[in-house]
Amino acid sequence: MSEHRAPNSELIELVSDLVRIESENPPGNEKPAAEFVANWFETEGIEVEMITKPFGDRPQVVARVGSGEPTLVLNGHTDVYPAGDRSGWNHDPYEAEIEDGKLYGRGSVDMKLGLSLAMLTAKNLKPEIESGELDGSIIVHAPIGQETGDPGTLALIEEGYAGDYAVVLEPTQMETVTSNKGLAWYDITVNGEPGHSARPDSGVNAIEEAHALIGRLLEYDAELRDQDHELVGPGYANLTQIEGGLTGNMIPEKMTLRMERRFFPNETVEEMDEEVGTLLEEIAADHDLDIEWERVSSYESTDAPVDSYPAEVFRKHASDTAGVSTEPAGRPWAADTRWFINHTDVPAITWGPGDSAQCGRYDEHFDIDEAETGLEILQHAAREIITTSED
């Protein structure tokens, strides 16, 4: 039985409020969370705007404190993974239960915590910015669609909310991350011929035909795992979904599986297309298979300079405050940092409290003390960045 306690800080109260708002993606139910964020900023007297690009029914939020330079963008997405089978949870995914110094709930660490850090940093630095004590300004992004690769953050950048520096507040255990893997999702279809299952040889069973394909793709994954990148680890080709057959007494004419190709920071989606296409051509020729494929979604990789100005500032403050390593760091997952690094000249990092191993899991949670420390570090680093520059 969970122990229910009142939140012990403004940060934990705000995270709890956000966790209790279901904003799963898919299907893309971010609107209630976006409305909460916008109303919160309005209540705090902070300039806020709802952005209806790229999708009119999935609004995004941008808030701004100050008009001076430099401008620091703090980015935290509103969408979360689906909670899945509720029976797998010991803590209700949408109750924000607190037990033994941890806050539980879907999206608690990924990334209602990061969004809350951004919101409170804007609020808490507002008096110093408006008084002129701090030279620059803060923009908060609350984008949609990060979990499914949607260009929410890119749309905000294209609307003019790019800033001079950016921090994407994903959980990195407060390490300063400059490299992230990319990923590409491929739907691979094996074609057969339909028939009645009482006469199995009257058709060509696509599921049986796919046996050789699956075996070779597992070998491909093993080959990629032998490759390694010093900051993000090995490559992968994960088989994550499968679908085939129309009914139980028919020979299936099609079978489709999804392969998720995780690739290195110095690789591109286009290179993955060529690699996967060549591999599938070889498999089809070697086993006389009728194979079709398409890339259905992708995330670019991120390969930012490890010595950028915001990277150096966050390493210093995280080390001074929490003893976090100052060594260059990467993560094996994709982040919206890619939109800044690959599509603008804005120096950007991925940084935040919490452990990304919790993302998407039952009983997702973060440590409250670490979250409080993260807010302290973020506010110290933000003050330095918007007061001075590398010049």
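How many residues of strand 6 are buried? I looked up strand 6 (residues 137-142) to start, and found it mostly covered, with 6 of its 6 residues buried (under 20% relative accessible area, 1.4 Å probe, protein chains only). Strands here are DSSP E runs of at least two residues, helices are H or I runs of at least four, and both are numbered from the N terminus.

Before going on, I noted that this is a predicted model, where local features need pLDDT of at least 70, side-chain atom pairs count only at pLDDT 80 or more, and totals for chains, interfaces and linings use all residues. Residues are numbered from 1 along each chain as its sequence is written, and side-chain values use heavy atoms, leaving out hydrogens and water.

Next, the neighbours. Strand 2 (residues 60-65) runs antiparallel to strand 6, joined by 5 bridges, and Val 65 stands opposite Ile 138. Strand 3 (residues 71-75) runs parallel to strand 6, also with 5 bridges, and there Thr 71 stands opposite Ser 137. Pairing takes at least two DSSP bridges between two strands.

Then I turned to the helices. In helix 2, Val 37, Trp 40 and Phe 41 meet Leu 115, Met 119, Leu 120, Ala 122 and Lys 123 of helix 3 (contact is heavy atoms within 4.5 Å). I count these contact residues as 7 nonpolar, no polar and 1 charged.

Methods. Ala, Val, Leu, Ile, Met, Phe, Trp, Tyr, Cys and Pro count as nonpolar, Asp, Glu, Lys and Arg as charged, and the others, Gly among them, as polar. Buried means under 20% relative accessible area, exposed over 50%, partly exposed in between (1.4 Å probe, protein chains only).
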